[in-house]
Amino acid sequence: MNVVAWLGPAAPFQAPGWTPPDGAKVLNLQCKGDGSPPCSTIAELWTDEAGRKIPNMLRAGGVSPETVGEVMLNAFSAGGSSTKRLLLSAEDRAQVPVVVLCDGTYTSWRKKGEPDPPEGFVRYGLDAITGPRLFVAMSTSVPNKDQPNGSQTLEATKNEIEKRSGQKFEEGGTLPGVPIQPERLWRLGNIVFADYGKRVGHGDTVSKLATPVWETIVKPWLVTRAPAPPVPGPLPGPVPEEPSQWPFYVAMAVGALAGYVGTRYWQKQKRPA
């Protein structure tokens, strides 16, 4: 079976109308940034001897890892602290086809004015540029005490992915089917980064955005696992049918016949009497 793990201080019922992909089991792994222990510590406690965290995360949710195929992650707020740790291991990332962050991009300062891009998010983003992964992250500029806010961390993550990949995100466009559009939207391969700034509140990323994002971006992509189109282009989704090549071949044949007839006519006109 496949699993959708909700991480952080939010549950699926707080996203009206949200349903998992067909056949997927939902794990509700509640934690808080200021909890006892906090989300970050809980994730570290999941680490096994091989350096993986997802198997013990599944056990914490009452599921045997041996029975699970794919694990999709939906994280809100401090749940992002768990998620960025889950994505450090290549073996764990290989089991995760989808990551959705609902204002879950937080970090510390690398130096004054420069957020430290979360390594787990950067590694997963690099996988998602052309690989079978989908990475959707929404952020806001709601203050995070004396640390970088979600918008600052999202942009730092974007910049680090560009630096390591040598590729540039395309900025602009809209999120089709999502009722509230972000202030800034970046896309590269199967990465969709939506910075909402002050346009929505922290909790709105779950209550107002999680459901349409899963319905219009995640679920269509899961059906096709389509590789991302070249940027700029539409968001990941169903791939349109290839147009028929028959009109092209017919046109070539007609053109060749017309050229041959015209040449013969010209030769007759120029031939000496």
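## A charge over a ring

A charge sits over a ring if NZ of Lys or CZ of Arg is within 6 Å of the ring centre and within 35 degrees of the ring normal. Here the charged end of Lys 158 is placed over the ring of Trp 186, 5.3 Å from the centre of that ring.

The structure is a predicted model, in which local features need pLDDT of at least 70 and side-chain atom pairs count only at pLDDT 80 or more, while totals for chains, interfaces and linings use all residues. Residues are numbered from 1 along each chain as its sequence is written, and side-chain values use heavy atoms, with hydrogens and water left out.

## The sheet

Helices (H or I, at least four residues) and strands (E, at least two) are DSSP runs, numbered from the N terminus. Two strands pair if DSSP finds at least two bridges between them. Strands of a sheet pair through backbone hydrogen bonds, either parallel or antiparallel.

In this model, 8 strands make an open sheet with mixed pairing, in the order β2-β1-β3-β4-β7-β10-β9-β8. The edges are β2 (25-29) and β8 (170-171); each has a single partner strand, so one side of each lacks a neighbour in the sheet. Strand β9 (residues 184-188) pairs with strand β10 (residues 191-195) in the antiparallel sense, over 5 bridges. Within this pairing, Arg 187 is opposite Val 192 in β10.

## Helices on the sheet

Contact means heavy atoms within 4.5 Å. Axes are lines fitted to C-alpha atoms, for helices over the stretch in contact, and angles run from 0 to 180 degrees between N-to-C directions. Helix α5 (residues 119-128) packs on the sheet and touches β4 (98-102), β7 (134-139) and β10; its direction makes about 135° with that of β7. Helix α8 (residues 210-224) also packs on the sheet, where it touches β1 (3-7), β3 (71-76), β4 and β7, and its direction makes about 165° with that of β4.

## Cores and aromatic rings

Buried means under 20% relative accessible area, exposed over 50%, and partly exposed in between (1.4 Å probe, protein chains only). A nonpolar core is a set of buried Ala, Val, Leu, Ile, Met, Phe, Trp, Tyr and Cys residues joined through side-chain atoms within 4.5 Å. The largest core has 34 residues, and those with the most contacts inside it are Met 57, Leu 73, Phe 135 and Phe 193. Helix α5 supplies the largest share of this core, 4 residues. A second, separate core of 30 residues includes Ala 194, Tyr 196, Ala 210 and Leu 222.

Rings of Phe, Tyr and Trp (its six-membered ring) pair if their centres lie within 6.5 Å; planes under 30 degrees apart count as stacked, over 60 as edge-to-face and the rest as tilted. The whole structure holds 6 aromatic pairs. Phe 121 and Phe 135 form a tilted pair, 6.1 Å centre to centre with 50° between the planes. Phe 121 lies in helix α5 and Phe 135 in strand β7, so this pair ties together parts 14 residues apart in sequence. Phe 135 and Phe 193 form an edge-to-face pair, 5.2 Å centre to centre with 90° between the planes. This pair links strand β7 to strand β10, 58 residues apart.

## Backbone details in loops

A cis peptide bond, with omega about 0°, joins Ser 36 and Pro 37. Pro 37 is in the loop between β2 and α1 (39-45).

Asp 103 is not a glycine, but has a positive phi of about 50°. Asp 103 lies in the loop between β4 and β5 (109-111) and counts as buried, at 0% relative accessibility.
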